[in-house]
Amino acid sequence: MSHRGEPDPATEAFLTHRNLLFTVAYEMLGMAADAEDVLQETWLRWADVDLGTVRDQRAYLVKITTRQALTRLRTLGRRKESYVGPWLPEPLLTAPDVAEDIELADSLSMAMLLVLETLGPTERAVFVLREVFDLGYDEIAEAVDKTPPAVRQIAHRARSHVAARRPREAVARAETLAVFEAFQRAIQTGDLQSLVDILAPGVVALSDGGGIKQAMPRPIVGAEKVANLFALLLGTVGAELSVEPAQINGSPGLFLRLDGVLDMVVAVRIDEGLVTGLYSVRNPEKLSHVQRETAVSR
């Protein structure tokens, strides 16, 4: 702080870009807790920088964040190798207006974060910085310690890789909400047929319990199988179950509470009027951050 009690220039610059930096780190890592740690490390390094030598504060902060996230991403990769069952990103509770920025919401979606998981660390960093945050190749080259021509090649390769695997383009928000509300009603009422009717034939359900809570050991595919799974889940719950709508990673989702305690977060992917993906996180270590809204930006 300055002697007048106002933020000093370094603190002010960091706070101005904090939401952006968190979003960069989260999109690279898929873990909110790790993204917060990266921000702490970024701040410590930024506090030591001579601001007089910094031409573009935003770019410089993104560079520090990217380097810290890359280091952590390699560690995270080793942790995931020993993870029990399917690994899903740590869900975020986002503000309703995030959904209005279609590109940001799409980049934060569970489906897209799982596609990003299939990229190598440097490819992921380059893709995120170029496609989501629209950084120039020169800025990205500094952040990932590559030459601009090398970064162009990496960006092209990553773009092709993601294009072959990415979810279809998001549909109109009103249509998405109507389908989501029908899904929520079917879950709340236990109406199996209504549930089957709004699930795509190839719907995929993934569940992350982290070896702590019971979860599906592998993906479940197909409308009948997924509907039966949810019917079984809801039928075996002995406690008082409440189902609440929430904005999860910029898209519609559900909080499932047992006796008032958050037990599961379900992110819902909707394409062309049908539910195509259900991502259920039960691992309690991934549910602390989602209980308060996270500010994201680009």
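User: What should I know about the model before I start reading it?

Analyst: The model is predicted, and local features need pLDDT of at least 70, side-chain atom pairs count only at pLDDT 80 or more, while totals for chains, interfaces and linings use all residues. Residues are numbered from 1 along each chain as its sequence is written, and side-chain values use heavy atoms, with hydrogens and water left out.

User: How do helices α2 and α3 pack, and at what angle?

Analyst: Helices (H or I, at least four residues) and strands (E, at least two) are DSSP runs numbered from the N terminus. Axes are lines fitted to C-alpha atoms, for helices over the stretch in contact, and angles run from 0 to 180 degrees between N-to-C directions. Here α2 (residues 32-46) and α3 (residues 57-81) pack at about 135°, with their axes 9 Å apart. That angle makes α2 oblique to α3, given that angles under 35 degrees count as roughly parallel, over 145 as roughly antiparallel, 65 to 115 as roughly perpendicular and the rest as oblique. The crossing of α2 past α3 is right-handed; a crossing is left-handed if the near helix is turned anticlockwise from the far one by less than a right angle, and right-handed if clockwise.

User: Which residues in α2 and α3 meet?

Analyst: Contact means heavy atoms within 4.5 Å. On the α2 side the residues include Asp34, Val38 and Trp46, and those they meet in α3 include Tyr60, Ile64, Arg72 and Leu76. The residues of this contact divide into seven nonpolar, four polar and six charged, where Ala, Val, Leu, Ile, Met, Phe, Trp, Tyr, Cys and Pro count as nonpolar, Asp, Glu, Lys and Arg as charged, and the others, Gly among them, as polar.

User: Is Asp34 buried or exposed?

Analyst: Buried means under 20% relative accessible area, exposed over 50%, and partly exposed in between (1.4 Å probe, protein chains only). Asp34, which is found in helix α2, has a relative accessible area of 5% and is therefore buried. Leaving aside neighbours within four places in sequence, Asp34 is in contact with Leu29, Arg72, Leu76 and Arg79.

User: How do α6 and α8 pack, and which residues meet?

Analyst: The axes of α6 and α8 are 9 Å apart and the angle is about 90°, so the two helices are roughly perpendicular to each other. Among the residues that meet are Val126, Phe127 and Arg130 in α6, and Ile154, Ala158 and Val162 in α8. By class, this contact has seven nonpolar, one polar and five charged residues.

User: Which residues touch the most other members of the largest nonpolar core?

Analyst: In soluble globular proteins, nonpolar side chains tend to be buried together. A nonpolar core is a set of buried Ala, Val, Leu, Ile, Met, Phe, Trp, Tyr and Cys residues joined through side-chain atoms within 4.5 Å. The largest one has 56 residues, of which Phe22, Tyr26, Trp46 and Leu116 touch the most other members. Its largest share, 11 residues, comes from α1. Not counting residues up to four places away in sequence, Leu116 touches Glu27, Arg124, Phe127, Val128 and Val162. A second, separate core of 27 residues includes Val243, Leu254, Val266 and Leu278.

User: Where does Ala267 lie, and what is in contact with it?

Analyst: Ala267 lies in strand β5 and, at 6% relative accessibility, counts as buried. Residues in contact with Ala267, leaving aside its neighbours within four places in sequence, include Met110, Ile248, Gly277 and Tyr279. Ala267 and Ser109 are 158 residues apart along the chain, and their C-alpha atoms are separated by 8.4 Å.

User: What is the phi of Asn249, and what is that of Glu272?

Analyst: Asn249 has a positive phi of about 50° although it is not a glycine, and Glu272, not a glycine either, has a positive phi of about 50°. Asn249 lies in the loop between β3 (241-248) and β4 (251-258) and counts as buried at 0% relative accessibility. Glu272 is placed in the loop between β5 (261-271) and β6 (274-281), and at 57% relative accessibility Glu272 counts as exposed.
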